[in-house]
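Have a look first, then read on.

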Amino acid sequence: MTGITISESERRIDFEDGGMIAVRSTHNPDNLRGEGLDLVVLDEAAFMHPRVWSEVVRPMRVTSRGSAIFLSTPFGRNWFYDLFRIGLDPEEPEWQSFHQPTSSNPLISPEELEGIRRITSPHVWQAEYEAKFTDDSGQVFRGIRDAVVAHHSDRPLAGHHYVAGIGGATMIIR
């Protein structure tokens, strides 16, 4: 094709008129920054850090008034859930939300789904196959994402307890 340049190493297609299609990772959201966007598709959005949308992607599409499509299975009631609820609000006409459980896919047999359901935990079944937003009450460990985010401090904070496992020994600092 003339007028099109494809770079597999950069995961990018450039068009003669200056347009481009690129595939990017959100693991380091600041690497996404750049010129405005006409359309962005965030796949598995629920699993991204909320700042990907609010601090990086959304500001990039303001000048172009570009569109955004969020695709994802639910991951608890996080920022993706909040956006999904905006799309259900009739007072927000620029937003739309859609719900498509796996059973709506005509290429997947009901027998296959029933086999999966029988050996899948209810929590995973609801989120991954029924595309339902659930709280994390069915999980063994709850609130992990919030608990593992490190907050930098030069010294221990008063009233906090710190626990560390080092080489088989456990230290508790109060």
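1. A word on terms: buried means under 20% relative accessible area, exposed means over 50%, and partly exposed is in between (1.4 Å probe, protein chains only). By that scale, aspartate 14 is partly exposed at 22%, and arginine 12 is partly exposed too, at 25%.

2. Bear in mind that this is a predicted model, where local features need pLDDT of at least 70, side-chain atom pairs count only at pLDDT 80 or more, and totals for chains, interfaces and linings use all residues. Residues are numbered from 1 along each chain as its sequence is written, and side-chain values use heavy atoms, with hydrogens and water left out.

3. How many salt bridges (a side-chain nitrogen of Lys or Arg within 4 Å of a carboxyl oxygen of Asp or Glu) does the structure hold? There are eight. One of them pairs aspartate 14 with arginine 12, with 3.0 Å between the closest N and O atoms.

4. Arginine 51 and glutamate 55 also form a salt bridge, at 3.1 Å from N to O. Both sit in helix H1 (residues 51-60), four residues apart, or about one turn; helices here are DSSP runs of H or I, at least four residues, numbered from the N terminus. Arginine 51 is partly exposed at 21%, as is glutamate 55 at 42%. The pair belongs to a salt-bridge network that links Asp30, Arg33, Arg51 and Glu55.

5. Over in helix H3 (residues 110-118), arginine 118 and glutamate 114 are four residues apart, about one helical turn. Their side chains meet in a salt bridge at 4.0 Å, N to O. Arginine 118 is exposed at 57%, whereas glutamate 114 is partly exposed at 31%.

Technical notes. Helix = DSSP H or I, 4+ residues; strand = E, 2+ residues; numbered from the N terminus.
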